Amino acid sequence: MTHDPRELRDLARSLAHEGAGLAREMRRGGIEVADTKTSAVDVVTEADRAVEELLRSRIAAQRPEDAVLGEEGDDRAGTSGVRWVVDPIDGTVNYLYGLPDCAVSVAAEVDGQVVAGAVVTIPTGVEYAAALGHGATRDGRPISVRPSPPLAERLVLTGFGYQREVREHQAGCVAALLPEVRDIRRMGSCALDLCHVADGSGDGYVEAGPQPWDWSAGGLVLCEAGGRFELLDGTFTLGSHPVRNVVVGAPADGWDDFVAALATAGFLA
Ligand code: IPD
Ligand code: CA
Ligand code: CA
Ligand code: CA
């Protein structure tokens with residue numbers, strides 16, 4: 001079984017397109033909330049489950065020795081050193097309402113490092129993809145971050161979690177950051193937010209708390225497009241657990257002052 005990042009990327013692309021096609025088709029028939037998870041606003045639909053099952057069955061058929069981590073299923077162990085990290089629908093709330101920013105996100109890790117990823121939008125099939133060391137593309141064409149303007153001219157993308165105490169913390173940080181930047185967007189998909197920074201349709205992304213299935217593919221796309229992506233320690237404690245995964249992405253040339261502004265706004269320890 002290959003560990004070549006380009007071959008893993010190409011499989012990630014085809015999985016993400018197939019998943020997006022299924023989600024698109026299911027949306028045409030009308031879609032409802034099937035269940036809630038960590039809170040009343042943390043919803044899951046039949047399409048989230050069906051797409052995850054499809055991705056898992058394709059991976060099991062083509063690469064039975066690989067591990068799988070996905071938002072809607074149990075962790076699957078593997079023996080090959082490759083682990084697939086999948087979000088069947090990133091942006092479920094947008095999907096439910098028919099808003100555009102929702103996507104299937106598929107990443108492959110080799111020995112714990114993300115080496116390949118694809119993010120495919122559900123309504124339109126736009127594809128972002130990357131392989132470690134081989135650049136990032138949007139619909140097959142190379143993309144790169146835009147040069148960072150001064151902080152006051154940056155468009156910052158962010159997201160919110162589903163738990164009340166997480167949102168209260170995020171709201172305070174966003175309120176402190178907003179006067180310092182051009183504007184803030186909450187588009188609704190962490191994976192696509194990172195891809196938007198990667199192709200220059202945003203100047204930075206920050207969110208306290210996303211999970212590996214949200215950021216693995218998009219984070220690689222951003223790095224391969226000349227950006228920087230890191231999980232930083234946060235100031236926030238959920239119950240007794242400090243939230244350490246403050247997800248930050250930005251063009252490399254704008255990194256230091258973005259991180260300084262995030263620290264001032266209360267996002268970072
Ligand atoms: C969510 C989206 C959202 C982000 C949340 C994620 P989901 O993923 O990425 O933009 O703000 O933290 O949980 O639930 O739509 O897959
Ligand atoms: Ca997600
Ligand atoms: Ca999801
Ligand atoms: Ca979810």
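Two residues are in contact here if their C-beta atoms, placed from the backbone, lie within 7 Å.

## Basis of the description

This is a predicted model, in which local features need pLDDT of at least 70 and side-chain atom pairs count only at pLDDT 80 or more, while totals for chains, interfaces and linings use all residues. Residues are numbered from 1 along each chain as its sequence is written, and chains are lettered from A and ligands numbered from 1 in the order in which they are written.

## The α5–α6 helix pair

In contact by that criterion are C190, A191, L194, C195, V197 and A198 of α5 with D214, W215, A217, G218, G219, V221 and L222 of α6. Helices (H or I, at least four residues) and strands (E, at least two) are DSSP runs numbered from the N terminus. Sorted by class, this contact holds 10 nonpolar, two polar and one charged residues, where Ala, Val, Leu, Ile, Met, Phe, Trp, Tyr, Cys and Pro count as nonpolar, Asp, Glu, Lys and Arg as charged, and the others, Gly among them, as polar.

Helix α5 (residues 190-198) packs against helix α6 (residues 212-224) at an angle of about 5°, and their axes are 8 Å apart; axes are lines fitted to C-alpha atoms, for helices over the stretch in contact, and angles run from 0 to 180 degrees between N-to-C directions. The two helices α5 and α6 are therefore roughly parallel to each other, given that angles under 35 degrees count as roughly parallel, over 145 as roughly antiparallel, 65 to 115 as roughly perpendicular and the rest as oblique.

The protein chain is assigned domain 1 (5-142) and domain 2 (151-265), with bounds that come from an automatic or database domain assignment. The centres of domain 1 and domain 2, taken over C-alpha atoms, are separated by 21 Å, and the contact takes 32 residues from domain 1 and 23 residues from domain 2.

On the side of domain 1 that touches domain 2, at least two residues each are supplied by β3 (67-70), β4 (82-90), α3 (92-97), β5 (103-110), β6 (113-121), β7 (127-131) and β8 (136-138). The largest share of that side, five residues, comes from β6, and by class the side has 17 nonpolar, nine polar and six charged residues.

## The shell around ligand 1

Both domain 1 (5-142) and domain 2 (151-265) give residues to the shell around ligand 1, so the ligand lies between them. Of the 15 residues around ligand 1, the nearest are D90, T92, G159, C190 and D214, a residue being near a molecule or strand if its C-beta atom, placed from the backbone, lies within 6 Å of it. Strand β4 gives the most to this shell, with three residues, and the shell divides into four nonpolar, six polar and five charged residues.

Seven strands form an open sheet in the order β3-β4-β5-β6-β7-β8-β9, with mixed pairing; two strands pair if DSSP finds at least two bridges between them. Because β3 and β9 (141-142) stand at the edges with a single partner strand each, one side of each is left without a neighbour in the sheet. Strands β7 and β8 run antiparallel and are joined by three bridges, and Y128 has R138 in β8 as its bridge partner. Helix α2 (residues 46-62) packs on the sheet, touching β3, β4 and β5, and its direction makes about 155° with that of β4. Helix α5 lies across β4, β5, β6, β7 and β8, running at about 95° to β6.

Strands β1 (residues 33-36) and β2 (residues 43-45) pair in the antiparallel sense over three bridges, and a hairpin joins β1 to β2 through six residues. The bridge partner of T36 is V43 in β2.

## The five-stranded sheet

Another open sheet has five strands in the order β11-β10-β12-β16-β13, and its pairing is mixed. Since β11 (183-185) and β13 (227-232) stand at the edges, each with a single partner strand, one side of each is left without a neighbour in the sheet. Strand β10 (residues 155-158) pairs with β11 in the parallel sense over three bridges, with I184 in β11 as the bridge partner of V156.

Helix α6 lies across β13 and β16 (246-251), running at about 140° to β13, whereas helix α7 (residues 255-265) lies across β12 (204-208), β13 and β16, running at about 145° to β16.
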